[in-house]
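Here's a quick briefing to read alongside the model. Keep the viewer open and click through the residues as they come up.

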Amino acid sequence: MVEVQHVTKRYGSFTAVDDLSFEVEPGEILGFLGPNGAGKTTTMRILTGYLPATEGRARVAGFDVFDEPIEAKRRTGYLPETPPLYPEMTVGEYLQFVARINGIAAGDRAARVGAAMERTSITDMAERFCGTLSKGYRQRVGLAQALLHEPDVLILDEPTAGLDPRQIIETRRLITELAGDHTVILSTHILPEVSQTCQRVVIINRGRVVAVDSPDNLTARLQGSQSLYLQVDSGGDDPVPALTDVPGVAGVSAADRRDGVAGFQIEIAPGRDVRRDVSRTVVTNGWGLLELRAQQMSLEDIFLQLTTEEAAGGPDGTDPGGPPEEAAGDGGPGSDAGAPDEGAEPIEAEERTNG
Ligand SMILES: Nc1ncnc2c1ncn2[C@@H]1O[C@H](COP(=O)(O)OP(=O)(O)OP(=O)(O)O)[C@@H](O)[C@H]1O
Ligand SMILES: [Mg+2]
C-alpha cells in the first residue's frame, strides 16, 4: 500500500533522509520511530507529496507521489506535525472547507464532517474558532481533517502529541479501529504506544533505517545478554564481591537505592540461570533478599541502543556546518489549495490540507 524506495532528501549539503526504503502492507499500522531530527517528518512530507525527494521513489496505493500526485493524495490522509488550521474559521467551517477542497460532493459534506467530528470527539467544538483552540483540540481537528475523505492511507505525524491521557487512549483506540480498512503510518516518541498499537516498527536514526521489525521480534533479537535485578538488605556489608563470585555472573553494578536498601543489576553470561545461586549467596551471608527478577529489555532500551552510538556526532542541528534553513513553504503539488490570506496569521502556513 505504501512503498518507499531508496528515498534521499538533501537540504543543501545536509542529508536529512538517506537512502530510506520500507513498505507498508494494506491494513497494517507501522510505527515510525527515531530521535528528534531523525527525518520522520521529512519522510512523511515526501510521502504526502508536500516535499520532493532528492532521489528515490515513493508510491501510495500504487500511485507515484510525484508523477501522480492527485491520485496519491486522494488516497492519503495527513496529520502534519502542526495541523494547518485557519484561526478565523470555526471548527465546523474549517472542516467543511477541507471537505470542499478535497472534492467531497456538496451533498455528502455535512455527513462526512459530522462523522469525522464524532470520531475525534470534537462535535461540541463545531462553533469554536480554530484560533482559540487548545493544543490538544487543534490536534483532534487535524485528525478529523485527515479522516474526512476516508483515505486508504493515513500518515500521522505524532498523532498523540499534546493530548491528555484520556484522549491518548481514545486516539490509540481510534487508530486501531481504523487499521484494517486503512493503512496507517504514525510517528511517535512514546515507545509503549508503539508496542500497543503497531504491528511493525521502522526505527530511523540520522535519516537511515536502523531496524524494521515487529516490536516483539526487536525485543527478542536484541536481547543479547540477560540481566537480573536484585534488591538486598545487606546490613552495611558490600554484597558486590560475593555476587560477582557466583558462577555465571558476568558483572554486578549498583542500580538504585531506596529507603536505605540497595538494588543491583546482575549481568548473566549467555545461557546461564544464576537465580538459585544468587539467592543462596544472599541467604548464606545472612542478608535479606527483598527482590529478585529477570529484566526484560524494553523497546525503550532497544531504541536507545540502536540510536545512541551513531548519534555521537552532536545533537541534532548543532553540527558544524549544519543544515541550511530552507524557506518555509514546502511548495509541493497541492500547495495551491487554500493558502490563507496574507495577514490572516495562519497558525502554520507551511503545511496545507490535502488538496
Ligand atoms: N526546511 C529545512 N531546511 C533545512 N534542514 C531541514 C529542513 N527541514 C528539516 N531539516 C533538517 O532535517 C533533519 C530531519 O528533520 P525532521 O523534521 O524530518 O526530523 P523528525 O524526525 O521529524 O524530528 P522530530 O522528532 O523532532 O519531529 C533535521 O536535522 C532538520 O533540522
Ligand atoms: Mg517531526
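What follows covers the overall make-up, then one helix, one helix pair and one residue.

This is a predicted model, so treat it as such. The protein has 355 residues, and 37% of them count as buried. Its secondary structure comes to 11 helices and 14 strands.

**Overall picture**
- Take the contacts between residues at least 6 apart in sequence: 69% of them join residues at least 24 apart.

**Helix H5, residues 135–147**
- H5 has 13 residues and runs 19 Å from its first C-alpha to its last, close to the 18 Å expected at 1.5 Å a residue.
- H5 is mostly covered, with 11 of its 13 residues buried.
- On the buried list you'll find Arg138 and Arg140, along with Gln139 and Gln145.
- The list also includes Tyr137, Val141, Gly142, Leu143, Ala144, Ala146 and Leu147.
- What sits over those buried residues?

**How H3 and H4 pack**
- Two packed helices are described by the angle between their axes and the distance between the axes.
- For H3 and H4, the angle is about 125° and the axes are 10 Å apart.
- That angle makes H3 oblique to H4.
- The crossing of the two helices, H3 and H4, is right-handed.
- On the H3 side, the contact is made by Gly92, Leu95, Gln96, Ala99 and Arg100.
- H4 brings Arg109, Arg112, Val113, Ala116 and Met117 to the contact.
- Sorted by class, the contact of H3 with H4 has five nonpolar, two polar and three charged residues.
- An α-helix has 3.6 residues a turn, so residues three or four places apart point the same way.

**A look at Phe32**
- Phe32 lies in strand S3, which covers residues 29–33.
- Why does Phe32 count as buried? Phe32 has 26 C-beta neighbours inside 10 Å, and the cut-off for buried is 20 or more.
- Setting aside neighbours within four places in sequence, Phe32 is in contact with Lys40, Ile185, Leu186, Ser187 and Val202.
- Phe32 and Asp157 are 125 residues apart in sequence, yet their C-alpha atoms are 9.0 Å apart in space.

Key:
Residues are numbered from 1 along each chain as its sequence is written. Chains are lettered from A and ligands numbered from 1 in the order in which they are written. This is a predicted model: local features need pLDDT of at least 70, side-chain atom pairs count only at pLDDT 80 or more; totals for chains, interfaces and linings use all residues. Helices (H or I, at least four residues) and strands (E, at least two) are DSSP runs, numbered from the N terminus. The expected span of a helix is 1.5 Å times one less than its number of residues. A residue is buried if 20 or more other C-beta atoms lie within 10 Å of its own, exposed if 12 or fewer, and partly exposed in between; C-beta atoms are placed from the backbone. Axes are lines fitted to C-alpha atoms, for helices over the stretch in contact, and angles run from 0 to 180 degrees between N-to-C directions. Angles under 35 degrees count as roughly parallel, over 145 as roughly antiparallel, 65 to 115 as roughly perpendicular and the rest as oblique. A crossing is left-handed if the near helix is turned anticlockwise from the far one by less than a right angle, and right-handed if clockwise. Two residues are in contact if their C-beta atoms, placed from the backbone, lie within 7 Å. Ala, Val, Leu, Ile, Met, Phe, Trp, Tyr, Cys and Pro count as nonpolar, Asp, Glu, Lys and Arg as charged, and the others, Gly among them, as polar.
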